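Let's take a walk through this one together. Have the viewer open and follow along.

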Amino acid sequence: KPPKKPMKPSTGPSQRLISRINHFQDLLRSLPEEASLANESESTYHFSLSPEAIEERGAFGAVSHCLEVGLGQHIDGIIHLRQRGRTADGLVKMLKDGVKFMSEGDRKAFESAWLERLIQAATREGARHPKRKNPNSSVADTEKHVKKKSRTSNSAIVITDSDSDEEGTSTLPSATILTAPLPSTSKTIPSSNPVQPSSQARLTKPLPKLKQSTLSFTKDTRSEEEKAEERRQRMLDYEAKQAEHELKAAREKERKKEHERELARNRQRKHREKLRAESSDTDENSVNTALMQGARQVKELEKTGVEDGFSVAEVSRAEFKDWRKVRNGTKGGATQSRAVRTNWYHPFLWVVIHRAMVRALWSPQGAVKILQRENHDLFQHLHRGTVNRWKTPQKHEWSEKTLQNVRRHHAILGSGRSGALAKFPELTDEIKTTLLNLRKSGMIVNVPIARSIMLGIIRSRYPHVLTPHFQCTEQYVRDFFQSIMNWSPRTGTRASAHLPADAEDICERALMRIVYAMKWYNVPPKLVINGDQMGVYVLPNSSRTFDTRGQKQIDVVAKEEKRAFTLFVASTADGDFLPFQQVWGGRSSMSTPSSDADGMDEALEFGFDLTFARSDKNPTSHFSTMKTMKEWLKNIIHPYIQRVIQEDIDLEPDQMSILLIDAYPVHTSDEFRSFIFKEYPNIILIYVPQNCTGKFQPADIGLQRPIKHFLKQRLFQWMADMHQEKISAGASPEDITVSTSIPILRNASVRGLVEVYKYMNTFHGKSLIQKAWKNCVAKEYNLSVECLTSKRTQTDLNKYLKKDATLRDEIEARCGIVHGLEDSSTELIEADTDLGLNDIDDDDVPLSQVI
């Protein structure tokens with residue numbers, strides 16, 4: 001027979017529940033008349049369900065809320081029904097609509113919590129369920145009574161008779177009862193229950209007339225011995241059959257065992273034949289071995305839920321798996337298993353989870369269904385209970401703890417979980433304090449060092465903590481770093497100079513020095529010069545490179561050699577850009593670009609100074625020295641000052657100028673300052689405050705990054721052109737190399753300097769320089785021409801000299817007198833500010849975007 005199809009489970013309310021609701025409806029309709037209202041418009045019964053209420057509270061909650069509002073809440077819990085009619089019928093309709101949307105558990109709770117109480121309330125108010133009338137009730141009751149009497153005796157036979165009495169009357173069939181002990185006698189029992197004429201008229205066929213009969217019984221005349229012998233014989237026959245059955249079962253069991261042994265022998269024989277065949281053919285052996293290993297790997301992947309070597313758990317914890325590659329199985333050590341728990345706080349996973357929760361109206365179950373339907377491979381192990389723990393109860397938002405885990409992209413980082421040391425908070429605090437103090441001192445803290453410290457503290461203070469199950473392994477130390485210390489592997493860096501706390505004050509004092517010198521020594525903005533050195537690489541160099549994955553030996557050419565030079569950049573507050581000084585490492589002119597370098601003629605025409613450092617400490621150093629500073633003043637600064645004096649007829653031959661430079665050791669040395677005082681007495685030397693070059697030096701603020709970017713683009717263009725020439729000349733792929741020759745790179749750097757100098761002397765370049773000076777801000781002042789020469793700044797200078805004794809004493813010590821203490825000007829000119837520069841340094845980014 002074909003198998004029966006299983007019945008589909010019902011999703012709607014049960015028939016019993018609907019029957020109980022209909023029963024309650026009948027009770028409502030049978031309430032006493034005093035329960036109804038004369039004017040139904042005054043009714044307080046208003047029962048209805050809205051989709052919004054079902055969505056917000058759920059079906060059971062919405063129905064309960066509607067009943068509490070309509071029927072009222074009572075302290076004793078007893079419900080009172082005071083109204084009937086159409087307003088009360090709305091209650092039944094609301095109940096039927098509500099149970100359709102409930103789950104099976106909610107329906108059971110609704111029936112016990114509300115429906116039965118409503119039925120009891122209607123009963124207390126006097127409602128009675130109307131009984132249905134049965135037209136054949138008299139006949140049916142009579143037949144039922146006769147059948148019941150016929151079942152009262154198991155040793156009697158009832159015979160019915162259909163004799164009629166007088167016309168217009170009839171009786172039930174007579175019953176004759178025959179008992180077993182009297183087979184030859186009978187007793188007729190006439191019926192004493194007459195039937196009404198109306199009931200008799202409905203009988204369509206007369207009852208059959210049965211004759212009287214008897215039952216015969218025979219008596220057992222055997223003796224007790226014969227009966228006992230029969231019983232004993234039956235027992236012997238049963239025991240014989242039982243023994244035969246057990247013998248057959250034992251034989252069948254032995255046969256099955258022998259069959260299994262034969263199968264095992266066959267399997268072993270086939271296995272030995274397979275091994276002999278594999279050992280005789282090496283090629284076939286390697287293929288079979290590979291296939292078997294592959295099958296085992298696939299089975300392992302299937303067990304762990306990983307397909308094609310891809311694991312969502314491992315990818316979500318990519319930053320924590322490096323230690324497995326480095327330490328797993330080394331020197332016979334243990335091999336850690338693959339990650340199986342997914343880090344749902346990974347940025348790429350959490351964004352999808354958050355969007356799904358918003359789409360599902362913050363329903364965890366709905367969000368999980370959306371995620372698994374759209375991204376089953378990623379979210380197949382996500383459970384709605386996990387999502388429910390992430391959100392704040394009764395609110396459409398994530399909990400604060402969840403948001404913290406999302407910000408640090410991990411649940412363990414900084415969570416405070418210490419594992420085996422959780423029962424020893426004092427020990428955990430001592431270890432944490434020791435490691436923090438070690439890092440404050442600048443010492444390297446890695447896993448071996450931290451493990452040795454932790455073991456030393458544990459053995460000295462709490463030796464009983466170390467057990468065969470806890471040995472403070474390297475993996476535990478890594479977990480301790482993450483959970484307790486909130487540490488991650490970092491690369492050592494050199495601490496940069498921090499901006500002083502009083503940077504605004506000392507920069508304001510420096511600005512007032514410039515304003516004082518410009519005002520009382522009649523220094524025009526064209527002669528307020530700022531100079532700064534910057535290092536430029538002509539060939540990007542690093543110890544890291546790209547190569548074939550898994551390659552053990554990586555050769556890097558010229559890894560320890562620098563291909564770089566120092567470029568001295570100078571500009572004025574008026575927007576003028578001075579020629580470059582290029583400083584190379586070396587001790588002779590052979591270390592500078594050759595005379596036939598591309599762009600050399602233009603460079604010399606513009607007044608470039610191409611020189612070498614000749615450092616006493618390091619022959620290969622390209623940093624500025626006293627030699628290069630003297631050459632810069634002689635070949636760049638002095639010619640520029642003389643040219644400005646000649647072009648401006650209002651300036652005297654002994655015109656003063658201002659040189660604003662940073663506190664580089666060479667700049668602040670006594671030798672350099674003495675050289676300025678003796679050789680160039682008309683230059684006023686003002687220093688940028690220490691550690692404030694990123695705030696108050698125009699070259700650092702807005703010139704170095706665009707110039708470096710321009711030179712970097714030019715370098716890559718030169719490399720591309722060189723490769724193109726080689727390819728056009730027929731060079732093979734093996735001959736396409738990047739030149740690392742320092743002479744070639746020196747010559748290639750000149751063209752880039754010439755082009756960037758041309759650009760800086762254009763209208764856009766001048767605007768860039770003025771913006772850089774304007775972005776040097778100290779409180780409400782800046783180094784723009786408008787601010788330095790404004791009446792407001794000069795008025796504020798007089799006020800500043802009166803309140804700042806440091807600047808006043810400094811001027812008095814150098815010049816003997818402080819001018820302007822009695823000046824008072826009230827005209828004010830507002831200073832302007834501008835935005836900072838973009839911090840981008842990619843060679844494929846246009847220069848305009850960098851500026």
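**Cysteines, a strand and some helices**

The sulfur of Cys776 sits 8.9 Å from the closest cysteine sulfur, that of Cys507, which is too far for a bond; a disulfide here means a pair of cysteine sulfur atoms within 2.5 Å. Before going on, note that this is a predicted model, where local features need pLDDT of at least 70, side-chain atom pairs count only at pLDDT 80 or more, and totals for chains, interfaces and linings use all residues. Residues are numbered from 1 along each chain as its sequence is written, and side-chain values use heavy atoms, with hydrogens and water left out.

Searching the whole structure turns up zero disulfides. Cys507 is in none either, with the nearest cysteine sulfur, in Cys692, 4.0 Å away. Cys507 counts as buried at 0% relative accessibility (buried is under 20% relative accessible area, exposed over 50%, partly exposed in between, with a 1.4 Å probe and protein chains only). Cys776 is buried too, its relative accessible area being 0%.

Now look at Thr572, in strand 5 (residues 564-572); helices (H or I, at least four residues) and strands (E, at least two) are DSSP runs numbered from the N terminus. Thr572 is buried, at 0% relative accessibility. Setting aside neighbours within four places in sequence, its contacts (heavy atoms within 4.5 Å) include Pro525, Tyr640 and Trp773.

Which residues of helix 17 are buried? They are Leu427, Thr428, Ile431 and Leu435. Seen down the axis of helix 17, these buried residues fall within an arc of 100 degrees, so they line one face; the arc is that of the directions from the helix axis to the C-beta atoms. They pack against helix 18 (447-461) and helix 19 (474-485), while Glu426 and Lys440 are exposed on the other side of helix 17. Just past helix 17, Gly442 takes a positive phi of about 95 degrees.

On to charges: the structure holds 31 salt bridges, each a side-chain nitrogen of Lys or Arg within 4 Å of a carboxyl oxygen of Asp or Glu. In one of them, Glu244 meets Lys248 at 3.8 Å, N to O. These two are four residues apart in helix 8 (residues 224-280), about one helical turn. Glu504 and Lys695 also form a salt bridge, at 2.8 Å, N to O. Glu504 lies in helix 20 (residues 503-520) and Lys695 in helix 25 (residues 693-696), so this pair ties together parts 191 residues apart in sequence. Glu504 is partly exposed at 32%, whereas Lys695 is buried at 16%.
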